[in-house]
Amino acid sequence: MSTNLAERVAARRTHTPARQTTRGTAAQQPNLVQFVQSMRGEIARALPAHVANPERIARIALTELRRVEHLAECTQESFGGALMTCAQLGLEPGGALGEAYLLPFWNKRVRAYEVQLVVGYQGMVKLFWQHPAAAGLTARTVYENDKFEYEDGLDPVLRHKPARSNRGRPTDYYAIARMSNGGSAFVVMSGEDVEAIRRRSKSRDSGPWSTDYDAMARKTVIRQLFKILPKSSELARAVAHDEGVRRDPTPEALDVPPDYIEGEVVEQESASQVEDVPAEFTGWPEATERAAAETASQ
């Protein structure tokens with residue numbers, strides 16, 4: 001009897017509950033930090049020629065790991081896939097510039113956190129301008145006291161004269177694209193149309209829809225406009241990967257459609273001060289300060 005008891009005590013001491021090993025933040029975060037560091041070479045090879053700072057991409061990713069709640073608990077496959085998509089498209093993977101967002105969501109099917117990549121408004125605009133035929137892109141919000149009219153048909157018309165003060169609440173959103181050959185196109189969406197699309201998004205109540213609604217509404221109407229415009233290969237890939245989950249970080253996976261899985265996006269707390277980074281990242285370029293980045297993007 002005593003021998004059996006001793007064996008049971010010994011077994012209990014060496015047993016670790018499965019919930020702690022699979023969901024422990026303290027164990028997962030160092031793994032992802034090391035994972036980001038190990039990806040520096042792949043990031044450098046994946047970046048487009050006009051983006052020559054792989055250390056900056058990796059440093060911003062590390063900042064996001066420490067800033068965004070539950071992001072450090074996501075699977076390495078989904079985090080690496082999202083980071084490689086950003087690198088291959090030349091987009092910064094953080095909310096400061098509004099180019100791309102890394103959002104954690106709880107995948108009910110595999111019972112794990114995964115990263116959903118959301119391409120931001122500024123990211124869509126940036127990729128549009130890489131097309132050689134691009135000549136202009138405008139996206140605006142219409143308010144109830146503005147003078148606004150549009151008409152579809154063989155001779156489409158769009159006129160918008162913003163009120164100088166007391167503009168009221170937003171009512172519509174529109175985007176206009178101009179091409180170097182003289183052609184142009186526009187799309188108008190009502191607030192109700194935008195809301196219908198927002199409600200279908202997994203991140204409808206968190207991430208940029210929560211913090212930057214107006215920018216996401218303009219991005220939504222731009223996406224509708226892109227359906228009728230010639231697109232660069234980078235822009236077409238960005239549209240394909242927007243709000244998807246990529247689990248393969250190899251360069252070839254950019255041309256494979258990502259997964260769109262029903263899940264629960266985790267509500268994010270307001271941005272807080274980022275803690276000091278580990279010693280192995282000393283000397284890397286600092287991530288863009290939020291205030292300076294927002295000023296530069298306007």
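The buried residues of helix H5 (buried: under 20% relative accessible area, with a 1.4 Å probe and protein chains only) are Pro-54, Arg-56, Ile-57, Ala-58, Arg-59, Ile-60, Ala-61, Leu-62, Thr-63, Glu-64 and Leu-65. Eleven of the 14 residues of H5 are thus buried, and the helix is mostly covered. H5 comprises residues 54-67 and reaches 20 Å from its first C-alpha to its last, close to the 20 Å expected at 1.5 Å a residue. The expected span is 1.5 Å times one less than the number of residues. Helices are DSSP runs of H or I with at least four residues, and strands are runs of E with at least two, numbered from the N terminus.

The model is predicted; local features need pLDDT of at least 70 and side-chain atom pairs pLDDT 80 or more, while totals for chains, interfaces and linings use all residues. Residues are numbered from 1 along each chain as its sequence is written, and side-chain values use heavy atoms, without hydrogens and water.

Beyond its neighbours within four places in sequence, Ile-222 is in contact (heavy atoms within 4.5 Å) with Tyr-121, Met-124, Val-125, Leu-137, Ala-139 and Ala-175.

Over the face of Tyr-121 lies Arg-218, at 4.6 Å from the ring centre; the criterion is CZ of Arg, or NZ of Lys, within 6 Å of the ring centre and within 35 degrees of the ring normal.

Technical notes
Buried means under 20% relative accessible area, exposed over 50%, partly exposed in between (1.4 Å probe, protein chains only).
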